Amino acid sequence: MRFRRFKQMLAWILALSVLVSMMFVSTAFADDGKQGLTLREKFGDKTTSGYKIDFYEDNIIYYWDVLAEYADKGYQPTEGITIEIPAAENFKSSIPVDQVPIWDELGGKKGKFLIWENDVQWMEWTFEVETPGLYNIEVDYYPLVDSKSSVARDVLIDGVETFTEMKGIKFPRFFKDKGEPRINPLGDEVKPGQVEIHEWNSIRLEDVNGTYADPLMFYLSKGTHTVRFVFADQPVAFDKIRIVSPLKLPTYEEILKEYKAKGLKNASSTIKFQAEDHVVKKSDTTLVLLGNQDPTNEPYNLERIIMNSIGGWQWRYGNQEIIFEFDVEEEGLYQIALRSQQVWNDGLPSYRQIKINGEVPFEEMNCYRFPYDKDWQLITLSDADGNPYLFHLKKGKNTISLKVKLGEVGQTIADLTDDSFFLSVILQKIFLIAGAEPDVNYDYQFEKKIPDLVPNLTMLRDKLIKHSDFLLSISSKKSSIVDSLNMARNYIERILKDPDDLVRQLDGLTVAQNSMSSAILSLQQQPLTLDYIYVANPDEKLVNKKSNVFQKLIVTWENFLRSFRVDYDNVGGVMEGDYEVIKVWISRGREWSEAIKAMVDEQFTEQSNIAVSMNVLPASQLNAGAVNVLLLSMHSGTAPDVGLGVAASSPVEFAIRDAVVDLSKFDDFDEVASRFLPQLMVPFQYRGGYYAVPETMNFKLMFYRADIVQEMNLKIPNTWEELCLDTLPELYRNNMQFAFGADFTPFLFQSGASYYNEAGTKSALDTPEAYNAFLKYTSLYTTYGMPAVQESFYTKIRSGQMPMGISSYPFYIQLATAAPELKGKWGVAPVPGTMKEDGTIDRSIGGIIDTAGIIVSQSTKQEAAWEFLKWWTSRDVQIDFGNEIESLIGAEAKWNSANLDAFRNMGWQREHLAVIEEQWKWYKEIPIVLGGYFTSRHMVNAWTDVVLEDVTPREALEEAVKQINKELRVKQEEYGVNAAEEEARVAAEKQKQKGSE
């Protein structure tokens, strides 16, 4: 009987979907003369990157493409020209120019300095060019406020963004170590903190990823031009803007002739300095000292960890720079050798731009290769034949800087990005014909319907072979990155051998795309570690020290013995001294915990005289529910003072059992609570108290493929009505879908309803508003054809099958970090809402709180624990931690702080942050009540009954309310809560509050 009803339901859904499509598809496109056409009918043939495609193309222009265009048109770099523009004069601005501050003195420098604060959207300057050609843009700048984030601006020339690398150009800050390494209670050295160096700097604009070794070049014709900077991040002061001729680096052969002409001689002395001790500046706070336990490292201690190197995995992102200063006793020519380790790129080299006293000395240093090797190497800067390069150093202080560049792999990354995107185009074309769920037994005649399919796949395979061959040519071993590309090529070759079997190989194409993306992400990372540096007499033979097997065995044995002496669940021990000590348990990975502990020792303990003993626990061990370590410790009297990383649903469960502290009893609670969205505190409220503070939060947005939306001329839906009546029919007509995870909260909250009454004693889902919300919710599936089975939105948006959908923070991070081919091709918008009578759109949605911090009621040091929670959730601490953990693990570990000011300063794209902030206005949270854990279970059951079992919405909802109320009563009786008294108490409090207002 159920199966028959299920088939009837499917038939009705199909019929209604067709009817809806027929009724509404005519309005889906704007009036371009092509209404009612599918993608295949609407768009003619286009060609891009050598591929022939038949409905849209990649409209993003890369600097590589522009350089090729410059060459085709014969544009040449100008020589010896400088056009200076005083920033504080004759400028235009998004606000009246008389409101833009101009300072006479800043950073020890006098003059006229333009102060660009956060409220100014753009600034523009006009200049005249006499000689047409290629120019760089150089800016003198001064970051205005202490921050770990770089100043960033978009650039427009004559109002145009010529290439995508003109977005988000960074003006880096520089930092230094805050003193010497400290010794922790385990006897190990701990890296010092970082402080910003406040000074004027000058930069020639360069791409943010370090893809290109040289600064960006812009073609300027003779005449009047404008340069506009658009705010992206951080306030800054500008002094001079210069339009300058590009630097022409001499070759080493030319430099040798210059040495000879100047009469420079080989130096007779040799110096050796520890890299970690001679750092004077670095462009990132994450470029910290490291403790490496190789016995040949200098210095070295068998029994404890000491800071004896710098760089490592953190030194892998484009344009990260470290500057070392050293003294030489005589002027002359020196060879330079660096003891380095590069073990991460699995056979592929890393690249650095090397400057001596602030300048790249010759062309060969513009992007120098450091080969992969599992052992430490002494890399003497040499030519291809092994002949050391000679460097002119003056007597006294000199500097050498190393800056991350992508080097030879930059072009490969750009090509692979295009290839991966094109593969998504191929997949989309296939799914336009075969639908989201192709029948493997049906002949779709892909070769006939997509005539260029086989030629394009052939070209893609050949390009993958080319990329693999190139990477092998620069590798010291076969790399896993090459294996990824070969895997992608193999899947494509299977299809080319038997195109008729394509429908069975579609999963292989998806795997191929994932393999290509993985290769792109790996190639973008260029790590390197430095131990010491030789500046040597050119005639001296420098020898590398390598640890032998016996030395390594001794270190291994000592580490084994150390494992019995050290508690590895305890992070870093407790600082020695006259401190009050609190215990903190954290439910996160060890990297997170070590980063927090380092900040605690460096900042919190010094400021508060409170030391922290920190232990790491698995995620589930700090949450209410099943028996876990926290609950057992509470019963045994050994509970911690503070818990971090606690699931948002747990604090009230603990409060019910009188196991956690009501934080609202602290005098400054309101000030701390003001750091967060007010609704984030709702899940922590119980009987008038608040039992946690938020740590991290989620967000929910609409995500869309901007390229597909633009080509289909789709309107981003503002309301559910627009989504169902305009957007969905057009998607269905093109065999596409909309991604929507089952979420009742937007419909419930936008209807003005709630899950419970104000006292939390009864379900409020029996109101007319709640019923109407449930009816709208289920109609998405029963009437408008939303897929009932949830598929991978990430996979489908990449292939184009789901070009639009609603998802959350983890999806945002996944899309931003793991789909490089979609960079610049996707966007975010607020979730659809409900139009109100006053014309506003209510976009309310729930469930964004993620994790929290608690104080355990057994603690005898509750004031100290509260001081810790205040420090931990503060703005600057959260920003510092976010930057640190992102550098340690990668952009995929972006910290989603619940502190609003900290969240805003985590390096989000400006347009994305604006959407997130707009959606913040509408977030609502679900209260945690006694027995409330059953609510979600029964609402899922109600949805299943309606969508899959043909039960009426009213019948399903009534049964859910009945079961929810039953469980609420059981739990109230179990914990001695009188529902009537609780309702009266809440009503009295509400009346009292109303009276005070």
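Let me start with Asn 319, which sits in the loop between E22 and strand E23, the latter covering residues 321-328. Please keep in mind throughout that this is a predicted model. The phi angle of Asn 319 is near 75°, which is a positive value in a residue other than glycine, and with a relative accessible area of 14% Asn 319 is buried.

There is another asparagine to set beside it, namely Asn 90, whose phi is near 50°, again a positive value in a residue other than glycine. Asn 90 belongs to the loop between strand E3, residues 82-86, and strand E4, residues 91-93. Is Asn 90 buried or exposed? Asn 90 is exposed, its relative accessible area being 74%, whereas Asn 319 is buried.

Staying with the backbone, I would also point you to the peptide bond that runs from Glu 298 to Pro 299, which is cis, with omega near -15°. Pro 299 is placed in the loop between strand E21, residues 289-290, and strand E22, residues 309-312. As background to these backbone features, most residues other than glycine have a negative phi, and most peptide bonds are trans.

If we take Phe 446 and leave aside its neighbours within four places in sequence, we find Phe 446 in contact with Ile 430, Ile 433, Ala 434, Leu 453, Leu 502 and Val 503.

My last topic is a pair of helices. The axes of helix H18, residues 768-782, and helix H26, residues 953-974, come within 10 Å of one another and cross at roughly 120°, and that angle makes H18 oblique to H26. The crossing of these two helices, H18 and H26, is right-handed. On the H18 side the contact is made by Ala 770, Tyr 771, Phe 774, Leu 775 and Thr 778, and on the H26 side by Pro 953, Arg 954, Ala 956 and Leu 957. Sorted by class, the contact between H18 and H26 consists of seven nonpolar residues, one polar residue and one charged residue.

Conventions. Residues are numbered from 1 along each chain as its sequence is written. This is a predicted model: local features need pLDDT of at least 70, side-chain atom pairs count only at pLDDT 80 or more; totals for chains, interfaces and linings use all residues. Side-chain values use heavy atoms; hydrogens and water are left out. Contact means heavy atoms within 4.5 Å. Axes are lines fitted to C-alpha atoms, for helices over the stretch in contact, and angles run from 0 to 180 degrees between N-to-C directions. Helices (H or I, at least four residues) and strands (E, at least two) are DSSP runs, numbered from the N terminus. Angles under 35 degrees count as roughly parallel, over 145 as roughly antiparallel, 65 to 115 as roughly perpendicular and the rest as oblique. A crossing is left-handed if the near helix is turned anticlockwise from the far one by less than a right angle, and right-handed if clockwise. Ala, Val, Leu, Ile, Met, Phe, Trp, Tyr, Cys and Pro count as nonpolar, Asp, Glu, Lys and Arg as charged, and the others, Gly among them, as polar. Buried means under 20% relative accessible area, exposed over 50%, partly exposed in between (1.4 Å probe, protein chains only).
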